[in-house]
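Take a look at the model below. We will walk through its pockets, its sheet and its helices.

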Amino acid sequence: MAVEVKFPLIVFERDDRSMFLIETSERLLHRLEKIDIENNEYVFWDSSGAGVCVSVAHDAKDQVAFCDNAMSLAEAFEAYARSYRLRLPLGESPLDIWRNLQSQLPPRRTLWVRLFRKSKV
């Protein structure tokens with residue numbers, strides 16, 4: 001019996017140390033560019049914390065499979081938390097750690113607020 005990758009995927013972007021989730025296999029190329037995947041700009045883990053490799057071919061997702069990553073999910077969470085000055089929770093599942101980190105970020109202002117906020121002149 002084959003074990004399948006469990007979505008959502010946790011994605012670490014190497015250049016800016018950001019992280020985000022990809023909810024389904026179909027959403028991979030909505031959020032990520034093919035060239036960036038090919039250039040290994042992202043590191044992937046499934047929701048259980050297992051390393052995942054994503055490959056693309058002909059502008060479509062080719063394969064999402066387990067693999068060994070050069071960076072552990074714990075290292076990625078640590079780099080992300082350090083970059084955004086967040087407190088890294090310990091002893092939780094990968095998705096619980098993700099939710100905890102996200103809860104520490106300031107709320108995002110909506111487009112409406114950004115466009116029509118009063119200036120401090």
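This is a predicted model. Start with the largest pocket. Its lining divides into six nonpolar, two polar and two charged residues. The space inside is about 200 Å³. Which residues line the largest pocket? They are Ser-18, Met-19, Phe-20, Arg-31, Trp-98, Gln-102, Leu-105, Pro-106, Pro-107 and Arg-108. Strand S2 (18-22) and helix H4 each supply at least two residues of this lining. S2 gives the most, with three residues.

Now find the second largest pocket. It has a volume of about 150 Å³. Its lining includes Arg-14, Ile-37, Asn-40 and Tyr-42. Strand S3 (42-45) and strand S4 (51-57) are the elements that give two or more residues here. By class, this lining has eight nonpolar, two polar and one charged residues.

Next comes the sheet. In what order do the strands lie? Five strands form an open sheet in the order S2-S1-S3-S4-S5. Their pairing is antiparallel. Look at the edges, where S2 and strand S5 (60-66) stand. Each has a single partner strand, so one side of each is left without a neighbour in the sheet. Neighbouring strands are turned by 30° against each other on average, with direction ignored.

Zoom in on one pair. S4 and S5 run antiparallel and are joined by six bridges. Within this region, Ser-55 stands opposite Gln-63 in S5. Elsewhere, H4 packs on the sheet. This helix touches strand S1 (9-13) and S2. The direction of H4 makes about 125° with that of S2.

H4 also has a helix partner. Two packed helices are described by the angle between their axes and the distance between the axes. Helix H3 (residues 73-83) and helix H4 (residues 94-104) pack at an angle of about 5°. Their axes are 12 Å apart. Why are the two called roughly parallel? Angles under 35 degrees count as roughly parallel, and H3 and H4 are therefore roughly parallel to each other. From H3, the contact is made by Leu-73, Phe-77, Tyr-80 and Ala-81. From H4, it is made by Pro-94, Ile-97, Trp-98, Leu-101 and Gln-102. The residues of this contact divide into eight nonpolar, one polar and no charged.

Finally, go back to Trp-98 and Gln-102. Both belong to the contact of H4 with H3, and both line the largest pocket.

Methods:
Residues are numbered from 1 along each chain as its sequence is written. This is a predicted model: local features need pLDDT of at least 70, side-chain atom pairs count only at pLDDT 80 or more; totals for chains, interfaces and linings use all residues. Side-chain values use heavy atoms; hydrogens and water are left out. Axes are lines fitted to C-alpha atoms, for helices over the stretch in contact, and angles run from 0 to 180 degrees between N-to-C directions. Helices (H or I, at least four residues) and strands (E, at least two) are DSSP runs, numbered from the N terminus. Angles under 35 degrees count as roughly parallel, over 145 as roughly antiparallel, 65 to 115 as roughly perpendicular and the rest as oblique. Contact means heavy atoms within 4.5 Å. Ala, Val, Leu, Ile, Met, Phe, Trp, Tyr, Cys and Pro count as nonpolar, Asp, Glu, Lys and Arg as charged, and the others, Gly among them, as polar. On a 1 Å grid over the protein atoms alone, a cavity is a set of points where a 1.4 Å probe fits but cannot get out, and a pocket is an open set with protein on both sides within 12 Å along at least five of seven lines; lining residues have an atom within 4 Å of a point. Grid points are joined across faces, edges and corners, and a volume is the space filled by probe spheres set on the points. Two strands pair if DSSP finds at least two bridges between them.
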